[in-house]
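Hi everyone, thanks for making time for this. Have a look at the model on the screen, and I'll walk you through some of its strands and one of its loops.

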Amino acid sequence: MKTITHWIDGKPVESASGRHGAVYNPATGAQEKQVGFATVDEVDAAVAAAKAAFETWGVSSIAKRTAILFKYRELLDAHRDEIAELITAEHGKVHSDALGEVARGMEIVELACGISVQLKGELSTQVSTRVDVASIRQPLGVVAGITPFNFPAMVPMWMFPLAIACGNTFVLKPSEKDPSASFRLAELASEAGLPDGVLNIVQGDKVAVDRLLEHPDIEAVSFVGSTPIAKYIQLKAVEHGKRVQALGGAKNHMLVLPDADLDFAADQAINAAYGSAGERCMAVSVVVAVGDTGDELVAKIAERAKNLKIGPGNDPSSEMGPLITREHRDKVGSYVTSAAEQGAEVVVDGSGFTVEGHEDGFFIGVTLLDKVPVTADAYRDEIFGPVLAVVRAESYDEAVRLINDSRWGNGTAIFTRDGGAARRFQLEVKAGMVGVNVPIPVPVGYHSFGGWKDSLFGDLHIYGNDGIAFYTQGKVITTRWPDPADAGINLGFPSHS
Ligand code: NAD
């Protein structure tokens, strides 16, 4: 069985821990690979390699760094199919979706190629006689990233390209469920000319994560994953004196006003709820239908849901693949049962679904629930599967109150033809990313991504300008080149003249 290794100091390193995680092909349900889990010493070796590399990378020229990033971008472009295949084989998502993930990750590499513009400092001349002040930003040192299973290539690319473009060196701990894509990203970075030790990968579980959070040579930690772990990461990283951004889970609401184009809204609800089998932190998991068009909207969504083609991600005719593990599939199914018991109407029931010839795969069908009480588990929890809950609201105000009462605030969207209502929504809704007739408003690379409330712990969002601020520290330099006329002793407190 193939073993996926660490990537430390520019080469593969096999774990000596004897502890392994199983890596499945979710479409067949078979374990095809294993991944070796790091020991504390192996994490320390990766951090030591990153620390040594920082000595030269941290002072390397912007020209050198961006030349490598441009080459890297070209290599990613040439290998996008291969990376997408690795994603599909271990995550299960369909190939076109995996290709989309690679493209969205490459956006951050493209942003990093332009770091010369982003890292320009500020200069004020003659703030006082013959005195100039400059503000510059410098790298932090060794920074770490801990990433979830649902975007095994894109989320690591939200982090390391910008971090290294800013002059830092990086240690990544990818999800143990689908680690091959990020390993390939590191190999390609090396091929692009990235010096050994600048980008390292340690595979593993809590042992590796905890060591990264405690390690005195790690300056900052970026995390993306579930809310309970994001909270834990923030607290522990702060306890150990580190800068931290920890992005958590979500329950994203799509508000549909009665004046919306209902066919368009139904199409978009389907795409955003069931794409990637609902395993997206920006998936729409709740539709809030306002007014008396709710029945018509639910009928339109149901009609579309029933026709979706579910199958292996490497079959070009599949629109939706399996879930990540058998346990997760069973948990998602349990929400359909509990929703019915707790008062929801099950309009389309996806539980118990199998794909012919792939009976052991981690497949589930799509579920549509209507009139879901806000007390039901299917409304309150992040299900992270292809289950769409519809709740009804009498008015715009009631709908916004519902969204604002949610513990999460990652993304949200409004569907309407009314510009005034859309404008009010943008200003009134408590979420970090808002779509107007756009169901999954994931910002482009040069704007930052992040939620509010229990969807983000820390101050700065990820990538874009916030990402650059996160991976650099400011310094202000006040300079005077003395003129003979300045000579003489003056014990007074310096003031401007
Ligand atoms: P997860 O929280 O289980 O795991 C994320 C990472 O944390 C993995 O690398 C994992 O190994 C590590 N980890 C897990 N348990 C740990 C523990 N007890 N101690 C230390 N480290 C631990 O998340 P997941 O299941 O891989 O991903 C799905 C979750 O991620 C969903 O909640 C989803 O909403 C969220 N997510 C959020 C965003 C966002 O941008 N806000 C993006 C993608 C995914």
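Val288 sits opposite Val391 of strand S17. The strands behind that pair are S14 (residues 284-290) and S17 (residues 387-393), which run parallel and are joined by 5 bridges. When I say strands, I mean DSSP runs of E, at least two residues long, while helices are runs of H or I with at least four residues, and both are numbered from the N terminus. Two strands count as paired if DSSP finds at least two bridges between them.

Before going on, please keep in mind that this is a predicted model: local features need pLDDT of at least 70, side-chain atom pairs count only at pLDDT 80 or more, and totals for chains, interfaces and linings use all residues. Residue numbers start from 1 along each chain as its sequence is written.

Which sheet holds S14 and S17? An open one of 7 strands with mixed pairing, in the order S15-S16-S17-S14-S13-S19-S20. Strand S15 (345-348) and strand S20 (433-436) each have a single partner strand, so one side of each has no neighbour in the sheet. From one strand to the next, the twist averages 20°. Helix H10 (residues 262-274) packs on this sheet, touching strand S13 (252-256), S14, S17 and strand S19 (411-415), and its direction makes about 155° with that of S14. For those angles, axes are lines fitted to C-alpha atoms, for helices over the stretch in contact, and angles run from 0 to 180 degrees between N-to-C directions.

Now follow me to the loop between helix H13 (377-380) and S17, where you'll find Gly385. Is Gly385 buried or exposed? Buried, because Gly385 has 25 C-beta neighbours inside 10 Å. The cut-offs are 20 or more other C-beta atoms within 10 Å for buried, 12 or fewer for exposed, and partly exposed in between, with C-beta atoms placed from the backbone. Leaving out residues up to four places away in sequence, Gly385 touches Ala277, Gly278, Glu279, Leu323, Val332 and Ile364. A contact here means that the C-beta atoms, placed from the backbone, lie within 7 Å.

There is another open sheet to show you, with 3 strands in the order S6-S7-S23 and antiparallel pairing. Its edges are strand S6 (122-128) and strand S23 (472-480), and the twist averages 25° from one strand to the next. S6 pairs with strand S7 (residues 131-139) over 4 bridges, and Leu123 has Ala134 in S7 as its bridge partner.

Finally, let's zoom out. The chain has 16 helices and 23 strands. Its radius of gyration is 25 Å, close to the 23 Å from the globule rule for 497 residues, so the chain is as compact as a globular protein of that length. That radius is taken over C-alpha atoms, and the rule is 2.2 Å times the number of residues to the power 0.38. Of the 497 residues, 51% count as buried.

Terms used. Contact = placed C-beta atoms within 7 Å.
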